[in-house]
Structure formats: structure tokens, C-alpha cells
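Dear colleague,

Please find below the structure that I am handing over to you. My notes on what was found in it follow.

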Amino acid sequence: MQLPIFSSLPSICSAKPGIIPRLICILLLFALATGVTGALAGVRHHATTRIVEALAGHITVATLRGQVPRLANTGDDGGPLFGQIERLPYNLQLLIDGILWQVVPLAVQMIISLCVITALVPWPYALAIGLIISAYMAASIIGADRYHEQAEATNETAGRLTALVGDILRYPSRAAFNGNVPGELTSVVHLSNRRLREASRGARSLVTMTIVQSSLLVLGLAALLVLAALDVLQHRLSLGDFVLLHAFILRLTLPLGGFGFLVHQAGRSYAQTRDILLLREPVRLETSSSVPRPGPAAVHLEGLSFRYGDGPLIIKKVSGSIVAGGLTVLVGPNGSGKSTLARLMAGLLDPTEGRVWVGQECLSNISPELRHRHILYVPQQIGLFNRPLRDNGLYPPTRLDDAQLLDRLQALRFYADERVPDLDLTVGDRGQALSGGQIQKLEIARLTGVETPAIILDETSSDLDPASELAVIEMLRVNRRANGTPYRRAKGTPFQDGARLI
């Protein structure tokens, strides 16, 4: 059985010579267009990937620049921020795909259609169409704002859930050894349900926005077409103009339906990306040229006072001096302000009153980003990176090499059986593969290669046995000694009114 098109093809070819070459050209052009479409899709994907990766890298660096010091000073959990950074490339992909490859073409198409309508039909119709589009876009903007607010609430709950799950996975022993695994799971279920409720509210907000958009569009177009039909009946508008108006109205308004989908697709991504953009730190050009002098430096405190917010003074009028190259010990009961004073001395906190001098430099005159060059603070809880022993022991600004690091670890008896440490050993998250004493010995060994003029150790030897603590003190004393300055131990009273370093 022959199809009609094939049975009539010989007669068509005989009646119209040269049709076969033209037909072949048309088919080739069709095939070429199909292939070009695929190639353009590949080029678009490549361009989008480059844009996304470049933006994600820039935003991540700017965010970490601003947030890492804050997290270090406040002790806040970085889990929510980590989750935001992890989702950033995906969110940017949705936004760029939506904006560059959907919103922009739709906007160009609508502008062209509106210009054609304005040129070919009476101006009242073009004005009416503009009002319809304006009302539609206003409803879209209002609905999108409400949806974004709901998306932010969902993101906040998702961040809390991420932090909770991260805590459980980082410290499973705390939950398991205390028999509180069911309680932690209950908290996870609670936050999961809350996130579901927030997401459902966002979805309902989106549905409401879509209904309002559709109602405005349908009612406006219906009224416009009815008025046009009446003008045709009264011979104020030709039938051809009516058909043209109808065709271009559809051409103009049909793309509007895609905006609701774009809001749904990119709304939460927009909210999450905006959240992380608010956290980023703008690039600052450092103008300070303060370079510390070589060798140890004295530390002078002038009437230091400090309070958190509007609370009472924690540190009150503390003055004193620590000699260059000396080893001074602050002692006092828990809660007396030793750690706060140490952070003030290191420039991690700005005093409410008074000043801190390191050598000839006042810390308040040095930008916070450069204060570590003059005085280095080491906390009690040393958070090692999940990297090899070598990377943690040789972490900047130490100037040790592998051999020197091994020599110091051996001198501190890193292992009780005195075996040679394996520098390729991965220490695990926060050094969980090591004991507390081994972590502190590793940090002390690293500090012996640091040339910062002054170093503050905030109970950095608290997990060491007496013999190891004496070895650490002796190693630091020898390493930090300047021109034979003797080691001395200074005792101080709790930091109340009139307290001072002696």
C-alpha cells in the first residue's frame, strides 16, 4: 500500500522541475537547525557552568573572609553556614538558568509584541494591554515577596536541622553514652516536621499567587476581547485588526504564565542566595604597613576594662607589663576573667576602656586582620583540621620542617612508648584520632617554630601530665628566651577592681 504523498510525488516532480534539489536543501536545513539547537544547548550549559562556578567561588571566599573571624570569636556553630555554601552552586544554577535563559528571552519577546501591537492597533488597546501586564507583574512581585519571606523561614529551619544533624554526627558518643539518642531523634523529627510545615506554607503562598495572576490575566483579556468584538460590530475596528489583536495578545500574554513557574523554581534559591550574600565581607584593601620588629616583645596593659554589650564590667582597670621573652602565668578561679583578658591582650576583643601595647605598637591602631602578626592567641580547645599530622603541625605561621617537627614531638614524648610519629596520619575531625594531651603537644611543637613577638596560651597544657607540662614549659622558655631573659612565674588575684599583673 502506497501513501498518498509518495504516489503523487512523481507527478509533482514532473510538473515542477527542480523541486527535488529544493526539497533536499530544505531537509538539510531542517537537520542543520536541529543539530545547531543541540549545539547551542551545549554552549549554554558550558557558559552557565562557568558563570556559576566563578560566582560561587567569589561569594564563598567573601563569605568566609567575613564569617570565619566571627565564628572564631563567638564560638558559634558553622553548620548552617556550611549548608548554605554547599547549596550555593545549585541555587545559582537555578537562578541563572531562570534569569538568563528564560526571563530575558520572555521579556524581549513581550517587548517586541507590545511594540507591534502599539504600531498596528488603536492606542487604547495597547494602553489596556499595558495595564493588564502591569497588574499581572504587580501581583507577581507581591506574591514573590511573600513567598520569599516564607522561603527564608524554611531556610532558617533547614539551617537549624543541618546544625543539629551535624552535631549528632560529629559527637555521636555524647548522645549514645548518655542514652539520649531517642531524644536527639525526637528533635530531628520536630525540626523536620517544622520544615515541612514551612515548605507547605510556601507552596500555598505560591498557589495563591498563581490564582491571582491567572484571574487578573483571564478577566483582563476577556474584557479586552469583548470590547474589541463590539468595535468590530460597530465597524470601528476591522475584522483583520481584531484577528491581529487577538493573535498578538496571545503572543504577548502566554509567556507570562512562565513567570509563576520561575518564581516557584527560583524563589527559594533566591532567598538562600540573598541570605549568604548578606554575610559576605567586601574585599578591603589593607592600608596598614605595621610590621613587628624581629624577636620577642613586651606586652603592656593600660587600664583595661571590658563588658559584653550592656552588661556589667568583667575586666576592671587592669594594668601591668609582661617582659619581652618572659613566661608569665595568670592564675585565678574559674570565671574570674582570665580568658577574656587573654583575648583582650590578643586583640580579639576591643576593650571598653584602656589600651594594649605589644612592643611599640598599640593594638587598637592595627587592623584586626593583622594583629596576629604581633601577638598570637592559642585557645584551650585546639580544633585540629581533619588533615594529616604534618599539615596540622606545620600549619602557618610556623617555620618548622618535617625533621624539626618530629624532633620536638619526640622530645615531648608524643607517644608514651617513644615511637616515631607518622606525619601522614590523618588526625580526624577536631583531632579525634589523638588524645587531648597529644593534641596539645602537637600544638606546642608547632608554636616553637612561630616567630610572633608574643604568644598567649589559654590553658593550652591543661591535658598534660606534670612531667609533660614541665617539658613543655622548658621548651617554650628556651624557644622564647630573648638575650637570656630568665623565666619567671607571675601570680595574680582574680580580676576585680584594682587587680593587676605582678
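**The cavity and its lining**

The lining residues of the largest cavity comprise 6 nonpolar, 3 polar and 3 charged ones. Please bear in mind throughout that this is a predicted model. The count of cavities of 30 Å³ or more comes to 1, and the largest cavity holds about 90 Å³ of space. Its lining is formed by Leu344, Gly347, Leu349, Asp350, Pro351, Gly354, Arg355, Val356, Cys362, Leu363, Ser364 and Arg371. Strand β3 (residues 353-358) contributes the most to this lining, with 3 residues.

**Strands β5 and β6**

Strand β5 (residues 375-378) pairs with β6 in the parallel sense, over 4 bridges. Within this pairing, Tyr377 stands opposite Ile456 of β6.

Helix α12 (residues 436-447) consists of 12 residues and spans 17 Å from its first C-alpha to its last, close to the 16 Å expected at 1.5 Å a residue. The helix is mostly covered, as 11 of its 12 residues are buried. These are Gly437, Gln438, Ile439, Gln440, Lys441, Leu442, Glu443, Ile444, Ala445, Arg446 and Leu447.

One of these buried residues, Leu442, also belongs to the largest nonpolar core, which has 24 residues. Leu442 is among the members that touch the most others, together with Leu384, Leu389, Leu405, Leu409, Phe414 and Leu434. Two or more residues of this core come from each of β5, α11 (402-411), α12 and α13 (466-480). The largest share, 5 residues, is that of α12. In soluble globular proteins, nonpolar side chains tend to be buried together.

**Ser192 in helix α6**

Ser192 is located in helix α6 (residues 181-233). In sequence, Ser192 and Ala158 are 34 residues apart, while in space they lie 8.0 Å apart, C-alpha to C-alpha.

With kind regards

Terms used. Residues numbered from 1 in each chain as written. Predicted model: local features only at pLDDT ≥ 70, side-chain atom pairs only at ≥ 80, totals over all residues. Heavy atoms only, no water. 1 Å grid on protein atoms, 1.4 Å probe; cavity = no way out; pocket = protein on both sides within 12 Å on 5 of 7 lines; lining within 4 Å. Points joined across faces, edges and corners; volume = space filled by probe spheres on them. Nonpolar A, V, L, I, M, F, W, Y, C, P; charged D, E, K, R; others polar. Pairing = 2+ DSSP bridges. Expected span 1.5 Å × (residues − 1). Buried < 20%, exposed > 50% of the residue type's maximum accessible area, 1.4 Å probe, protein only. Core = buried A, V, L, I, M, F, W, Y, C linked by side-chain atoms within 4.5 Å.
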